[in-house]
Amino acid sequence: TAAEKQGYPHFMLKEIHEQPQAIADTLLARTDPDGRIVLDELRFDGADLRSADKVYVVACGTSYHAGLVAKHAIEHWAGIGVEVEIASEFRYRDPILTPHTIVVAISQSGETTDTIAAAAHARDQRARVVAISNVVGSTLTREADAVLYTRAGPEIAVASTKAFTTQIAALGVLALFLAQERRKLFPEECRDQLARLEQLPELMEQVLEADGHLAELAERIARADYVMFIGRHNGVPIALEGALKLKEISYLHAEGFPAGEMKHGPIALIDSGGPVIAIATRGHVHSKVVSNIQEVKARGAEVTAIATEGDTAVKEHADHVVYVPEVHELLYPILTVLPLQAIAYHAAVLLGRDVDQPRNLAKTVTVE
Ligand code: G6P
């Protein structure tokens, strides 16, 4: 109903704007008075976490993309190898699991059949299962050894937004907790990184306020036959998520790729004027992404770069630049996904789509 939308024309737009608060809530009270991370709800003791030698992340859809983002943070901070897998694949494989394997099952609803089955498959083989969910008491949380909740509040729109960014935030805390318990980071480093996470809501507000020219950009996108999203490192899952958001609600053909793979096929799709959206924030792969932008430009693409404020170099190569504030390299996904959500939203509205209830899709997939 209109009242539930609180003045927003769609739940999706409302939920996009709820993200800063949802992240703040998800990060709330995760430390003790000494600034050490405490995840009481996790119920694992330090010894379990110290002896862990492998992490699998299993999920579907947008939650899978959150897992791909988290892989970078867990490997970098906690020094433990992470594989991220689609739940419907994992459940029918024979993954090598032991009591020292941690399986992180991510599901906003906690009711996705494939993710629940993947978690059960892992438990059968004596792996330890941590659920990341937004719904207290959901089936997945009851099947898991431990739970870490996102606190996004109810998400109504089929296309996930605030659940995604809160999953990334919760997984960031989990990565830091693993780093702390495994003594991979000094306590002050953990505190610094947590403080950086806590600054995100304010920075997200800044990005969300600068929505104006995204509606204009979306007009060009809405006219395209095909939209390509590219990125590297933790920009890859954001490219995948940007493409997923766009196809889910606008029905435009969109795909995301690791930018370094373009030469192996996708660049053949580039046509004069075809839109390419590149995640090009600062970090160790920045210059590589800029080269990839030049490659698609040379073939006639119209490039929109998502870049770090103050990055004037990108402006020389891209046709349009959307700026986000500077943050630690591992934290960019929470900011860079925001303009992509907005572009998808505006494009779907322009095309007259049913934004909150796209055709053929369900909010929660409780069948195989
Ligand atoms: C459906 C929804 C997606 C969601 C996916 C996984 O496809 O439309 O938005 O990402 O299910 O849902 P879950 O509740 O397991 O995170």
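Select Y251 to begin: just after helix α12, Y251 takes a positive phi of about 65°. (Helices are DSSP runs of H or I, at least four residues, and strands are runs of E, at least two, numbered from the N terminus.) What you have open is a predicted model, where local features need pLDDT of at least 70 and side-chain atom pairs count only at pLDDT 80 or more, while totals for chains, interfaces and linings use all residues. Residue numbers start from 1 along each chain as its sequence is written.

**Stop one: α12.** Step back and select residues 235-250, which make up helix α12. How far apart are its end C-alpha atoms? They are 22 Å apart, which agrees with the 22 Å that 16 residues should span at 1.5 Å a residue. (The expected span is 1.5 Å times one less than the number of residues.) Of the 16 residues of α12, 15 are buried, so the helix is largely enclosed by the rest of the structure. Buried here means 20 or more other C-beta atoms within 10 Å of a residue's own; exposed means 12 or fewer, partly exposed is in between, and the C-beta atoms are placed from the backbone.

Zoom in on β8 (residues 275-279) and β9, which pair in the parallel sense over 5 bridges; P275 stands opposite E302 in β9. Next along, β9 (residues 302-308) pairs with β10 over 5 bridges, again in the parallel sense, and I306 has V322 as its bridge partner in β10. As for β10 itself (residues 320-324), 4 of its 5 residues are buried.

Bring the helices back. (Axes are lines fitted to C-alpha atoms, for helices over the stretch in contact, with angles from 0 to 180 degrees between N-to-C directions; contact means C-beta atoms, placed from the backbone, within 7 Å.)

**Stop three: α10 on α15.** Select 200-209 (α10) and 332-350 (α15): their axes come within 10 Å and cross at roughly 20°. That makes α10 roughly parallel to α15.

**Stop four: K363.** Move on to K363, in the segment after α15. With 16 C-beta neighbours inside 10 Å, K363 counts as partly exposed. Select A157 too: A157 and K363 are 206 residues apart in sequence but 7.3 Å apart in space, C-alpha to C-alpha.

**Last stop: the other sheet.** Show β2-β1-β3-β4-β5, 5 strands in an open sheet with parallel pairing. β2 (82-86) and β5 (146-149) are at the edges, each with a single partner strand, so one side of each lacks a neighbour. β1 (residues 54-59) and β2 run parallel, joined by 5 bridges, and V57 has V84 as its partner in β2.

Note on methods: Pairing = 2+ DSSP bridges. Parallel < 35°, antiparallel > 145°, perpendicular 65-115°, else oblique.
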